[in-house]
Amino acid sequence: MDARYQEGDVASAVWHSWHQIQWSDAHQSVARLQTRIAKATNNNEWRKVRSLQRLLTRSISAQALAVKRVTENRGQKTPGVDGKTWSTPEEKWEAVLGLSNKRYRPLPLRRIYIPKANGDKRPLGIPTMRDRAMQALHLLALDPVAETTGDTHSYGFRRERATADAIEQVRNVLGRKTSPQWVLEGDIKGCFDNISHDWLVDHVCMDKIILRKWLKAGFVEMGKLFPTNAGTPQGGIISPVLANMALDGLQHELTGMFQTVRQAREAKVHLVRYADDFVITGSSRELLEKRVKPLVVQFLANRGLVLSEKKTTITHVAEGFDFLGWNVRRFNRMLLTQPSKKNVKTFMTKISDTLRAMRTAKQEDVIYKLTPMLRGWANYHRSQMATRTFAKCDHLIWQMLWRWAVRRHPNKGKRWIKQRYFVSFKGRDWRFAEKDKILPVLGEFRKRTHIKVQAESNPYNPAFDEYFTKRLARKMDTVLTGRRKLRWLWWWQEGLCPICLQKITRDTGWHLHHRVKRSQGGSDVLTNLVLLHPNCHQQLHVNE
């Protein structure tokens with residue numbers, strides 16, 4: 001029997017193929033070890049943490065989950081420099097058996113570029129499938145440490161946290177009468193590209209040899225191999241967590257500036273960070289300029305990072321500042337958080353470019369293309385004060401659609417074009433629609449208040465299990481609004497997939513399974529339906 005089966009991974013001894021894996025057992029085995037790692041981290045028992053991490057990374061349950069993650073995410077069909085992807089069950093099972101630290105040598109990254117909002121291009125490094133799976137495996141062991149030691153008001157690339165939590169924390173620290181009036185907007189120059197490798201190896205609690213190999217793997221561009229002397233590659237699964245751990249500790253440093261609680265209250269220094277974007281509040285410009293900024297500069301210098309002098313500014317709240325796509329400004333004793341002009345311009349440009357590229361496309365295809373763009377942008381901003389912005393954008397989008405329709409029929413009258421492309425729906429005229437397909441308007445998305453996650457919450461601490469379960473239920477209740485059948489099934493199953501016993505969320509997706517197949521006379525009644533994860537649904541049919 002393989003040595004991996006003898007170290008608390010007994011259930012995996014009977015697995016001999018990909019579709020034989022019992023995902024509920026795998027999840028439970030990994031979750032137990034992650035909980036123990038988080039507890040040992042909280043108690044500063046670092047020798048025990050490293051021992052548990054080794055146990056986890058050698059577990060075939062963790063290896064199976066790592067392969068499952070990289071073969072189900074959005075990059076599953078994107079190969080690295082070796083050109084390989086794992087698409088068949090046989091390849092996936094072979095990959096599980098091949099995940100080992102012994103003789104492991106990562107291949108260089110495949111360098112590609114993606115456009116940025118300002119017109120520049122952002123470099124991405126695409127690892128091979130095996131390197132991605134190894135990163136996912138070690139991330140399972142590292143993430144409990146990162147969550148336990150992370151700054152309480154850090155919200156980027158962390159489980160159960162999002163940009164909406166970050167902006168709500170900004171409202172918490174700036175929205176009261178006695179709130180600070182000055183804000184330091186921090187901008188780190190090339191954060192991911194310049195983090196010190198030596199600092200990461202010395203301070204990140206994981207296998208040092210594996211970490212150094214990843215950091216020094218290099219990248220291939222235009223057929224040439226280039227070395228990497230600093231930074232974590234943007235595109236690696238573990239890179240966001242490494243960057244977060246490099247920036248964690250700034251909140252503690254800021255708190256330690258003051259000798260007494262009274263001094264801290266008077267200074268009103270608060271940090272809100274999302275990945276490498278952060279703001280720091282203060283009671284005065286002098287405090288931020290002479291005490292806080294030098295401390296931040298020194299903190300970053302120890303990690304090989306520097307602040308951008310041009311983009312790092314100190315602003316009065318009345319003047320306003322942009323953060324994560326929102327503009328925050330105090331006006332008449334009220335804190336306004338609205339979509340920023342830059343974010344609105346980027347979104348409208350994207351809509352315009354899409355319509356320009358689809359000048360000859362069918363109306364149905366245009367609706368299909370624009371609908372997720374509109375819904376995604378509206379859902380992002382609907383937790384803040386976006387009603388007026390939505391109304392203005394709806395008018396501009398209508399103008400674009402009208403020009404698109406008129407261009408297609410230069411010899412037709414306006415009345416004919418209106419009847420051909422627009423309908424009246426729910427008391428609102430000029431709705432862009434074809435048959436039963438109607439393009440949503442931003443005005444339909446009413447404000448939905450977001451409840452900020454508790455700063456001290458930790459998804460690896462069993463004490464917060466009930467708290468996160470209630471948050472997920474509240475979120476899914478809104479996601480499934482208007483879909484009565486799916487909503488009822490989700491609540492009936494208590495939000496769990498009956499195959500793997502893990503939560504069904506918007507991120508995991510779901511399939512509707514018929515207990516009795518429709519080809520065998522099964523119907524769509526609720527008693528014949530089950531919500532399953534897509535992979536679990538496929539496994540169920542293979543094993544039938």
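The legends below describe close-up views of a predicted model. In this predicted model, local features need pLDDT of at least 70 and side-chain atom pairs count only at pLDDT 80 or more, whereas totals for chains, interfaces and linings use all residues. Residues are numbered from 1 along each chain as its sequence is written, and side-chain values use heavy atoms, with hydrogens and water left out.

View 1. Helices (H or I, at least four residues) and strands (E, at least two) are DSSP runs, numbered from the N terminus. Leu56 has 0% relative accessibility and therefore counts as buried (buried means under 20% relative accessible area, exposed over 50%, partly exposed in between, with a 1.4 Å probe and protein chains only). When its neighbours within four places in sequence are set aside, Leu56 is in contact with Val30, Leu33, Gln34, Ile37, Ala62, Leu137, Leu140 and Ala141, contact meaning heavy atoms within 4.5 Å.

**View 2. Packing of helix H5 (residues 129-149) with helix H10 (residues 239-247).** The two helices pack at an angle of about 25°, with their axes 11 Å apart; axes are lines fitted to C-alpha atoms, for helices over the stretch in contact, and angles run from 0 to 180 degrees between N-to-C directions. H5 is therefore roughly parallel to H10, a term for angles under 35 degrees. Leu139, Leu142, Asp143, Val145 and Ala146 in H5 meet Val241, Leu242 and Met245 in H10. By class, this contact of H5 with H10 has 7 nonpolar, no polar and 1 charged residues, where Ala, Val, Leu, Ile, Met, Phe, Trp, Tyr, Cys and Pro count as nonpolar, Asp, Glu, Lys and Arg as charged, and the others, Gly among them, as polar.

**View 3. An open sheet of 3 strands in the order S12-S13-S14, with antiparallel pairing.** Strand S12 (422-425) and strand S14 (437-438) stand at the edges, each with a single partner strand, so one side of each is left without a neighbour in the sheet. S12 and strand S13 (residues 428-434) run antiparallel and are joined by 3 bridges (two strands pair if DSSP finds at least two bridges between them), and Phe422 stands opposite Phe432 in S13. Helix H15 (residues 363-381) packs on the sheet, touching S13 and S14, and its direction makes about 105° with that of S13. Helix H17 (residues 414-421) also packs on the sheet, touching S12 and S13, with its direction at about 65° to that of S13.

Technical notes
Angles under 35 degrees count as roughly parallel, over 145 as roughly antiparallel, 65 to 115 as roughly perpendicular and the rest as oblique.
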